[in-house]
Amino acid sequence: MDEASVAGAALIVTNKTTGTVDEAVFCGLSAEFKSRYVEHYAALDPYSPLLDARWIMLSTCLPEALLRRSEWYNEFVLSCGVRDILGTRLTDTAGHSVILGVHQRIGRHFSQDVEPLIAAITEPLRYAARCHLDRLNGEQQVGTPQKTKPAEEGRFFFHIENGVNYPDECGGVFLSPGDAAERGLTIARELAQDGDWSGFSVVVTDERGRTITRVPIES
């Protein structure tokens with residue numbers, strides 16, 4: 001919160017089987033409203049189910065007309081002193097999902113520090129969320145990435161192609177091909193916001209040059 005100059009944040013672990021919140025951490029503006037969310041407003045939340053691997057603003061994914069009618073927005077979000085939320089789904093399993101949102105105070109705007117900070121912390125946050133669900137489900141003991149390094153971990157590359165090739169020379173280390181593919185999808189969605197890349201594809205390859213996935217960039 002301090003680094004991004006935001007007024008609050010919430011981390012929510014939802015049980016897909018029961019449809020209820022198993023865990024929640026609310027900080028800043030919404031901290032004292034946590035129990036109200038868990039006990040009542042979680043069931044009315046129209047925003048959380050829309051979140052995916054991208055960071056998505058509440059105000060851009062739900063129309064203002066819907067928000068004006070929403071009990072969740074009017075009686076919970078605004079009551080917390082929050083005007084807008086920037087959120088993402090950190091991870092999903094068969095039984096749980098983990099979402100994170102940072103909160104914009106009423107009358108304020110997100111600072112320019114938010115975007116670069118999110119770019120830096122998203123992958124570590126996803127790893128931490130996966131480890132937490134592993135511990136929650138009793139599947140494995142949580143440790144540092146070095147101590148719990150999966151066999152599939154490796155470097156993956158993200159090439160931009162459409163007749164013209166923009167090869168990725170550096171790549172990045174991911175825990176599995178699935179995680180690398182998820183990152184490729186995120187890159188494609190980010191580039192889609194710039195019309196100059198429409199029609200191109202993000203091609204994810206492993207260290208041997210084998211294609212993991214090809215994601216079209218569609219504006």
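Residues are numbered from 1 along each chain as its sequence is written. Since the model is predicted, local features need pLDDT of at least 70 and side-chain atom pairs count only at pLDDT 80 or more, while totals for chains, interfaces and linings use all residues; side-chain values use heavy atoms, with hydrogens and water left out.

Start with the sheet. It is an open one, built from 5 strands in the order β2-β1-β5-β4-β3, with antiparallel pairing. The edges belong to β2 and β3, each of which has a single partner strand, so one side of each has no neighbour in the sheet. Strands here are DSSP runs of E with at least two residues, helices are runs of H or I with at least four, and both are numbered from the N terminus. Two strands count as paired if DSSP finds at least two bridges between them. In general, strands of a sheet pair through backbone hydrogen bonds, either parallel or antiparallel.

On one side, β4 pairs with strand β3 (residues 56-57) in the antiparallel sense over 2 bridges, and Leu 86 in β4 is the bridge partner of Met 57. β4 also pairs with strand β5 (residues 96-105), again antiparallel, over 9 bridges. Buried means under 20% relative accessible area, exposed means over 50%, and partly exposed is in between, using a 1.4 Å probe and protein chains only.

Next comes helix α5 (residues 114-136), which lies across β1 (8-15), β2, β4 and β5 and runs at about 50° to β4. Such angles run from 0 to 180 degrees between N-to-C directions, with axes as lines fitted to C-alpha atoms, for helices over the stretch in contact. The helix has a kink of about 40° at Ile 121, shortly before the proline Pro 124; the bend at a residue is the angle between axes fitted to the seven residues ending there and the seven starting there. Among the buried residues of α5 are Val 114, Ile 118, Tyr 127 and Leu 133. Their cover includes β1, β4, β5 and α6 (177-192), where contact means heavy atoms within 4.5 Å.

Then there are the aromatics, with 10 pairs in the structure. In Phe 26 and Tyr 37, the ring centres are 5.5 Å apart and the planes at 50°, so the pair is tilted. Rings of Phe, Tyr and Trp (its six-membered ring) pair if their centres lie within 6.5 Å; planes under 30 degrees apart count as stacked, over 60 as edge-to-face and the rest as tilted. Phe 26 is buried at a relative accessible area of 10%, and Tyr 37 is buried at 4%. Together with Tyr 41 and Phe 76, Phe 26 and Tyr 37 form one aromatic cluster.

Finally, Phe 158 sits in strand β6 (residues 154-162) and is buried, with a relative accessible area of 11%. Leaving aside residues up to four places away in sequence, Phe 158 touches several others, including Tyr 166, Phe 174, Ile 187 and Val 203.
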